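Please look at how the two chains of the following model meet, and keep the sequence at hand while reading the explanation below it.

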Amino acid sequence: MEKTCICRCEGVFLEEILQAIDEGATSFQGIKKRNRIGMGHCQGRTCQPIVRDILRKKVGANSLFELQKAQAPVRPVPLGKL
Amino acid sequence: MKQKVVVIGAGIIGTSVAYFLSKKNVNIVLVDAKDIASGTSGACDKAIMLQSKKWGPALELAIQSATLYKDLEQELQQDLEYRQGGGLILIDNEQDLKVLQQTVEKQNSIGLNVKILTGDEVRKKNPYLSEKIIAASWCEEDAEINPMLTAFAFAKAAHKNKAILRLNCEVLDLVTENNRILGVQTTHGKIYADSVVICSGVWTNQILKTVQLEVPIIPRKGIILVTEKLPKIIDCNILSGSYIVSKLQKEQNSIPYGIGLAISQTKSGTLLIGGSREFVGFDESIKTKIIRDIAKQAIHAFPCLDNIHLIRSFAGFRPYTPDNMPILGEIPSVQGLYIAAGHEGDGVALAPITGKLMSELITNQKIEFDLSPFSIERFLESTIS
């Protein structure tokens with residue numbers, strides 16, 4: 001179970017998420033800064049809801065408000081086409 | 001009894017101060033309203049550049065800091081993605097070249113090894129560079145590091161040395177008596193201390209106002225673009241000449257949005273492309289025009305980026321001061337209250353030396369560096385006159 005891959009873009013596994021929470025992370029941002037989750041090509045589209053559920057269970061905080069900031073672009077765009 | 005110090009702010013500066021203090025015989029509590037590297041230190045690039053520093057004491061500070069960085073991975077026992085890969089400042093017009101030549105002469109005069117390369121020489125270093133680049137300055141001493149990893153590693157090492165970390169713990173008030181610091185009031189109770197160090201960057205005035213003080217640290221927003229992962233195409237720090245002009249210009253921006261190119265590649269393969277400089281308070285929104293203009297500058301220098309995907313942009317707030325130098329030292333009106341903030345975009349480069357000097361100052365050790373140019377008094381005096 002702990003070897004489950006949660007973020008495929010950056011190759012982050014469940015155990016690394018749990019470790020980040022152990023080290024004091026209480027938000028998606030906090031976990032991301034510890035192991036790069038959600039920093040890859042899809043920008044957390046798949047892993048963010050899963051991490052939110054883990055946070056709710058482990059930290060209990062209302063992690064609805066702790067999501068990654070929505071930043072441009074909405075999807076990858078070539079630099080020359082901006 | 002051991003001296004007790006509270007460090008406010010767990011960015012790269014606060015964690016460095018806590019780490020260097022933790023090597024001395026001191027009890028430390030490091031507090032942060034949020035988390036390690038949750039502010040400016042988690043929303044910046046990764047350059048440790050010497051040739052971009054303002055001439056004078058700030059450059060001397062940066063040179064000493066660069067030396068400390070060389071052994072930091074070994075000292076902290078952690079991979080910080082440190083690399084002394086050198087740095088380039090790109091020039092695409094004769095006018096900027098003249099200015100750069102003068103700067104390089106000055107830098108050489110104090111022994112900083114910077115040289116001017118021709119367009120062809122620089123393209124030999126990096127074949128992806130545009131034909132429009134007519135020259136560049138090259139400094140072998142320029143390096144890079146992952147600032148988030150560094151802040152976490154400083155905090156971890158401080159914790160190992162018995163420092164206490166209090167995250168999600170916001171300082172509400174400074175506790176003083178007879179112009180002396182007694183501690184801090186936080187959302188999780190009072191912490192008493194002999195000394196308190198404010199390392200709160202752009203949020204410094206929020207802390208200082210509780211003792212009716214103010215410093216001229218203003219948030220300066222910088223936007224950085226992140227691309228998809230690429231094979232290694234850039235192996236050093238690269239700035240454009242306009243980046244330097246923009247860095248040193250005052251509040252009246254002559255370059256719209258203060259756009260100047262700063263580009264580097266992370267260990268994971270993404271490119272970090274900066275940036276802009278704007279005074280817009282704490283407004284985090286990102287204008288499409290700025291993203292487009294930064295992308296244009298990147299393509300101007302590296303035409304091969306035209307078809308490379310942008311995956312994210314982010315905004316960070318750099319703690320600007322009017323003379324582009326940080327504020328380091330004790331606050332004269334409150335004994336035991338120290339400040340180490342206002343590094344603007346040099347926080348990454350100056351973190352180790354800031355931590356080292358502040359730890360020596362707070363523990364009353366002899367300091368082999370003249371900190372007087374960085375004293376808060378330079379701003380207090382100007383308000384009186």
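Which side chain meets that of A:Arg34 in a salt bridge? The partner is B:Asp35, with 2.7 Å from N to O, a salt bridge being a side-chain nitrogen of Lys or Arg within 4 Å of a carboxyl oxygen of Asp or Glu. This is a predicted model, in which local features need pLDDT of at least 70 and side-chain atom pairs count only at pLDDT 80 or more, while totals for chains, interfaces and linings use all residues. Residues are numbered from 1 along each chain as its sequence is written, chains are lettered from A in the order in which they are written, and side-chain values use heavy atoms, with hydrogens and water left out.

Between chain B and chain A the count is 2 salt bridges. The contact (heavy atoms within 4.5 Å) takes 33 residues from chain B and 28 residues from chain A. The buried area, meaning the accessible area (1.4 Å probe) that two parts lose on being put together, summed over both, is about 2400 Å² between these chains, and carbon and sulfur atoms give 54% of that area. On the side of chain B, B:Leu310, B:Ile311 and B:Arg312 lose the most area to chain A, together 26% of what that side buries.

One of these residues, B:Leu310, lies in S17(B) and stands opposite A:Val77. Strand S3 of chain A (residues 77-78) and S17(B) pair in the antiparallel sense over 2 bridges, where strands are DSSP runs (E, at least two residues) numbered from the N terminus and pairing requires at least two bridges found by DSSP.

Note on methods:
Helix = DSSP H or I, 4+ residues; strand = E, 2+ residues; numbered from the N terminus.
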